[in-house]
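Subject: Handover of a structure and notes on what was found

Dear colleague,

I am passing on the structure below, together with notes for a reader who is new to it. Please look through the sequence and the model first, and then read on.

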Amino acid sequence: MGPSTMSTMSSPVEFLELLAREAAAVEFEGPLVAARAAGLPADRLAELEQAKAVALRVRALLERRRRRETELSGLYDTVSDLAGLRDLDDVLRAIVHRARNLLGADVAYMTLDDEERGDTYMRVTDGSVSARFQRLRLPMGAGLGGLVAQSGAPYVTANYGEDARFHHTGEIDAGVGEEGLVAILGVPLRLGSTSIGVLYSANRSARPFAREEVALLVSLAAHAAVAIDTARLLAETRSALAELSAANTTIRAHSSSVERAAAAHDRMTGLVLRGGGVEDVAAAVTEVLDGALLALDAEGRLLARVGEIDEPERVDIVEAVAASRTEGRSVRRGPLWYAAVVAGTENLGALVLRPDDELVDADQRILERAALVTALLLLFRRTVAEAEGRVRGELLDDLIARPLRDTDALRSRARRLGVDLDAPHVLVAVGDDAIAATGSARQRVFSWATTYASARGGLAAARDGRVVLMLPGRDAGGSARAVARDLSRVTGRPVTAGASGPSTGPASLAGTFLEADRCLTALGALGRSGQGASTAELGFVGLLLGTVGDRGEKDVAQFLTATVGPVVDYDARRGTALVKTLEAYFGVGGSLARAAEQLHVHVNTVTQRLERVGQLLGADWQKPERALEVQLALRLHRLRAPASTASI
């Protein structure tokens, strides 16, 4: 082979061709091997050796530039991710994934500091296969990552398991061993002078990390720190915006509730000034708060209803109103709100609201203010009713008094109250059993009677410890029974009512009242307490009561004296029980044995007492004509004498 052939086979140009096709480093030995095989002289071999060295340097420079280009491209992509940051987890996963690819590592991962627990925890991994490794937590100063987090400086090890610079723990070494990591590079995630975590690149075989790789990972860590801080700022901004939005919503709601409260206050003030009623207050509340409302009195009776709402159970009302009074504000029970209507310590009733929407504090104040206005209206209504009742009571008291004063003046007073004295009226007398011992109970009965009579175009008055009602109509017995029934419900106890009439004109009312009062007494004497009746319904007793006048009183007294007077006087002087014995004897049909049993005495005692009666009244007192007179006299004697003082 000639020299010219040898020179073309092995020349520096071949190294340029290798560079052009980006050949592997080992291929650059080919031209030298071929030249030695061809037996080229030493100077030529030295020339080729020099050309190879230059070509390898050029190749390394080009490789570094390509790598730098790749790194810059990765950093650019990371910056782009940060610019369009939407989800922090996605950005951190992209950074860790790029760190693994750019450094050609088997695994890349990131830990973040936990300020509350004082350690660091695994946040993102890429290429990891061990679940235990992915759950690792590193105490500050422990392991490579703990040392990086504590010191804020990068650390690298070619073989972590054999590196004595780090504080090894069983948990960390077990996790690293299960993942199979050997070479590890860790760099801090820093915000200013503060370290917030660590970014790692690791391999499952021993290998050193070049300075350029450390610098690249530090750059990626800086971007990761920016991403974390940006996400934190965005989260704080969103939170602040949410708080501002919530505050704005609250302010608008409060402003709206204040406006509603002001409007409600103005409306209810106007209602009071215009003399509105409870129904107007209920309507105003439901218009402002939206919903349905009940207004109840102290007994749970309905005063007003607005909207579709059922009346709660009585026990629920009592409990809720008691709670409202104790707390001094409205209370909620299920879907209903209760506000007690009170005046001082007196319970006047309750407002029950079923709102369409939830009530805020200002809305509750509207309901409570409505309860206060309702209390004022009820007190005003009561005051007016009591004043009117006094006027009506004074008129009735004058009508049934004797002697009767100017009838024309009485008619004029009655007309002003809407009462026609020339129309038929009945008078009803209510017994003492309707009035309890306390003054408040007596006032309650009289208030009821005034309202009852006024609603029917009549009058009511309190006279001699009793209540008298003058009611338009002709049915005295029916009126007495209605009064007894209705007033019994109010007082919770049986009430007796005696009636008389009808009566027409002022002059006849005094006598009609006297008959009604005697009818009331007769009902008690006849054992009919708790009932209502008229004189016409009491048989012969009623007939007698109806005929009693000024002279009739004297006739009755004379009749009693002539018929049973000696027996009554005998009992009064000697404290005996002849009258009682006579009543028992006639009451059992003339049987001595049954009379003795009823009186709890011996038969001989009854016989002796009746013999004494015969001595006083005469031997014929048991004949039918005399016996009837004696029984009638005994009944009249009981009717005329109070039960506590009768000699029986």
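This is a predicted model: local features need pLDDT of at least 70, side-chain atom pairs count only at pLDDT 80 or more; totals for chains, interfaces and linings use all residues.

Residues are numbered from 1 along each chain as its sequence is written, and side-chain values use heavy atoms, with hydrogens and water left out.

The chain as a whole

The secondary structure of the chain comes to 22 helices and 16 strands, where helices (H or I, at least four residues) and strands (E, at least two) are DSSP runs numbered from the N terminus. Of the 648 residues of the chain, 43% count as buried; buried means under 20% relative accessible area, exposed means over 50%, and partly exposed lies in between, with a 1.4 Å probe and protein chains only. Among contacts (heavy atoms within 4.5 Å) between residues at least 6 apart in sequence, 60% join residues at least 24 apart.

Two packed helices are described by the angle between their axes and the distance between the axes. Axes are lines fitted to C-alpha atoms, for helices over the stretch in contact, and angles run from 0 to 180 degrees between N-to-C directions. Helix H20 (residues 592-599) packs against H21 at an angle of about 105°, with the axes 8 Å apart, and that makes H20 roughly perpendicular to H21. In these terms, angles under 35 degrees count as roughly parallel, over 145 as roughly antiparallel, 65 to 115 as roughly perpendicular and the rest as oblique. On the H20 side the contact involves Leu-592, Ala-593, Ala-595, Ala-596 and Leu-599, which meet Val-603, Val-606, Thr-607, Arg-609 and Leu-610 of H21. The residues of this contact of H20 with H21 divide into 8 nonpolar, 1 polar and 1 charged, with Ala, Val, Leu, Ile, Met, Phe, Trp, Tyr, Cys and Pro counted as nonpolar, Asp, Glu, Lys and Arg as charged, and the others, Gly among them, as polar.

H19 and H21 also pack at an angle of about 105°, with their axes 10 Å apart, and H19 and H21 are therefore roughly perpendicular to each other. Leu-578, Thr-581, Leu-582 and Tyr-585 of H19 make this contact with Val-606, Arg-609, Leu-610, Arg-612, Val-613 and Leu-616 of H21, and the residues of the contact of H19 with H21 divide into 7 nonpolar, 1 polar and 2 charged.

In the loop between H20 and H21 one finds His-600, which has a positive phi of about 60° although it is not a glycine. His-600 is exposed, with a relative accessible area of 73%.

Aromatic rings

The structure holds 8 aromatic pairs; rings of Phe, Tyr and Trp (its six-membered ring) pair if their centres lie within 6.5 Å, and planes under 30 degrees apart count as stacked, over 60 as edge-to-face and the rest as tilted. The rings of Tyr-160 and Phe-166 have their centres 5.8 Å apart and their planes at 25°, so this pair is stacked, and both Tyr-160 and Phe-166 are buried. Phe-586 and Trp-621 form an edge-to-face pair, with 6.2 Å from centre to centre and 85° between the planes. Phe-586 lies in helix H19 (residues 578-587) and Trp-621 in the loop between helix H21 (603-617) and helix H22 (624-640), so the pair ties together parts that are 35 residues apart in sequence. Trp-621 counts as buried, at 3% relative accessibility.

Single residues

The peptide bond from Gly-501 to Pro-502 is cis, with omega near 10°, and Pro-502 lies in strand E15 (residues 497-503). Gly-146, in helix H7 (residues 143-151), counts as buried at 0% relative accessibility. The C-alpha atoms of Gly-146 and Gly-186 are separated by 9.8 Å, although these residues are 40 residues apart along the chain.
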